[in-house]
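Trainee: I am new to this structure and would be grateful for a close look at a single part of it, the open sheet. Please describe how that part is built and what surrounds it.

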Amino acid sequence: MKLFLTRKLPCEVCDAVPADVSLAMYEHEEQAIPREELLARVAGARGIVTMLTERIDEEVMDAAGPSLAVISTMSVGYEHIDRSAANTRGIVVCHTPDVLTETTADLVFALLLATARQVPQAERALRNGQWGTWQPFQFLGIDVYGKTIGLLGMGGIAQAVARRARGFGMRILYWSRTPKPDVEEALGVSYSDLTTLLQTSDFVVPLLPGGDATRHLIDQHALSHMKRSAMLINASRGSVVDEDALCAALHAKTIAGAGLDVLAQEPIAANHPLLREARAVLLPHIGSATLETRTRMARRALENAVLVMRGEAPFDRV
Ligand code: GLV
Ligand code: GLV
């Protein structure tokens with residue numbers, strides 16, 4: 001039973017794969033597998049373990065051939081996998097939810113604090129020798145405690161962010177297609193319609209899956225509802241935000257800042273206009289990036305694949 005891994009993972013993780021599975025992998029950790037090589041090397045695989053950097057579409061499924069039973073991604077998001085094509089072929093799709101929830105919520109809060117307090121800007125200035133003297137009105141941020149946070153979506157990561165926001169004494173609003181009264185009760189969060197949330201939040205935080213249903217939810221119109229003092233914090237999917245509209249809003253100072261861990265196009269282009277916005281804090285998609293959590297995700301992605309390959313139920317079928 002051949003299992004193809006589209007990126008090199010640490011030996012500790014791969015060694016756990018049982019002996020009846022023959023593991024083949026792209027040998028590099030620091031670069032994504034070229035498309036041609038992916039198509040050639042999946043041939044005959046019963047399972048594919050992949051990640052956000054690979055587009056797994058019909059062409060890849062056909063290249064693997066009729067033996068392919070499972071596509072397992074080391075990520076919670078799965079919009080890089082053509083699920084309807086997988087369905088048609090009876091291929092199971094798995095992902096890694098839950099194991100990254102708290103870690104990602106930590107990063108959302110780190111990004112929120114960093115953006116609110118201009119932490120990266122201040123650090124860059126220090127390194128550039130610009131700490132001439134302590135100044136009473138330099139690097140002024142905005143307070144986080146006591147402010148209003150507006151969460152778009154109320155899944156696991158949003159709930160974990162809400163728990164952190166409570167510790168900061170924040171008022172917590174959320175908008176979601178399906179209101180969750182039990183969560184409102186448990187976490188002290190209030191449902192709001194989208195416009196009111198945008199108009200009243202100091203921090204607008206999308207925590208939604210990618211894909212067509214959420215594409216450009218934060219567009220020029222949505223941004224125009226936000227307060228001039230408000231900030232957008234996005235560690236969900238870049239596709240949720242219309243980046244042209246965001247650049248325009250930052251440039252015109254109709255919002256106060258943006259912290260982004262995800263972008264429409266990753267990695268960011270060298271000439272991306274966001275790189276010129278002083279009030280944008282930009283991270284290279286590190287939401288789940290701790291040793292503990294990335295190791296858990298890698299293990300889980302392999303376990304899910306092996307279970308399906310053996311005809312058993314995986315932990316996390318999409
Ligand atoms: C990261 O963005 C993931 O989907 O796991
Ligand atoms: C700041 O460090 C202060 O003493 O106010």
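Mentor: Contact here means that heavy atoms lie within 4.5 Å. In that sense, helix H5 (residues 101–117) lies across strand S6 (148–152), strand S9 (203–206), strand S10 (231–234), S11 and S12. The model is a predicted one, and in it H5 runs at about 150 degrees to S10. Helix H7 (residues 156–167) also packs on the sheet, where it touches S6 and strand S7 (171–175). The direction of H7 makes about 175 degrees with that of S6.

The sheet itself is open and consists of 7 strands, arranged in the order S8-S7-S6-S9-S10-S11-S12 with parallel pairing. Strand S8 (190–191) and strand S12 (280–282) are at the edges and have a single partner strand each, so one side of each has no neighbour in the sheet. In general, the strands of a sheet pair through backbone hydrogen bonds, in either a parallel or an antiparallel manner.

Two of the pairings may be followed in detail. S6 and S7 are joined in the parallel sense over 5 bridges, and Ile-149 stands opposite Ile-172 in S7. S7 is mostly covered, with 4 of its 5 residues buried. Towards S12, strand S11 (residues 257–260) pairs with that strand in the parallel sense over 3 bridges; Ala-258 has Ala-280 of S12 as its bridge partner.

The largest nonpolar core has 56 residues, and Ile-149, Leu-151, Val-161, Phe-203 and Val-205 have the most contacts inside it. Helix H12 (residues 291–309) gives the most to this core, namely 8 residues. At least three residues of the core come from each of domain 1 (2–99 + 291–309) and domain 2 (101–282). Leaving aside neighbours within four places in sequence, Ile-149 is in contact with several residues, including Leu-112, Val-161, Ile-172, Phe-203 and Val-205.

An unreviewed UniProt entry carries the annotation "domain: D-isomer specific 2-hydroxyacid dehydrogenase NAD-binding" for residues 109–287. Over residues 109–287 the chain is 33% helix and 15% strand, and the end C-alpha atoms are 10 Å apart.

Methods: Residues are numbered from 1 along each chain as its sequence is written. Chains are lettered from A and ligands numbered from 1 in the order in which they are written. This is a predicted model: local features need pLDDT of at least 70, side-chain atom pairs count only at pLDDT 80 or more; totals for chains, interfaces and linings use all residues. Side-chain values use heavy atoms; hydrogens and water are left out. A nonpolar core is a set of buried Ala, Val, Leu, Ile, Met, Phe, Trp, Tyr and Cys residues joined through side-chain atoms within 4.5 Å. Buried means under 20% relative accessible area, exposed over 50%, partly exposed in between (1.4 Å probe, protein chains only). Helices (H or I, at least four residues) and strands (E, at least two) are DSSP runs, numbered from the N terminus. Domain bounds come from an automatic or database domain assignment. Two strands pair if DSSP finds at least two bridges between them. Axes are lines fitted to C-alpha atoms, for helices over the stretch in contact, and angles run from 0 to 180 degrees between N-to-C directions. UniProt positions are given in the numbering used here, feature names are shortened, and annotations may be inferred rather than shown by experiment.
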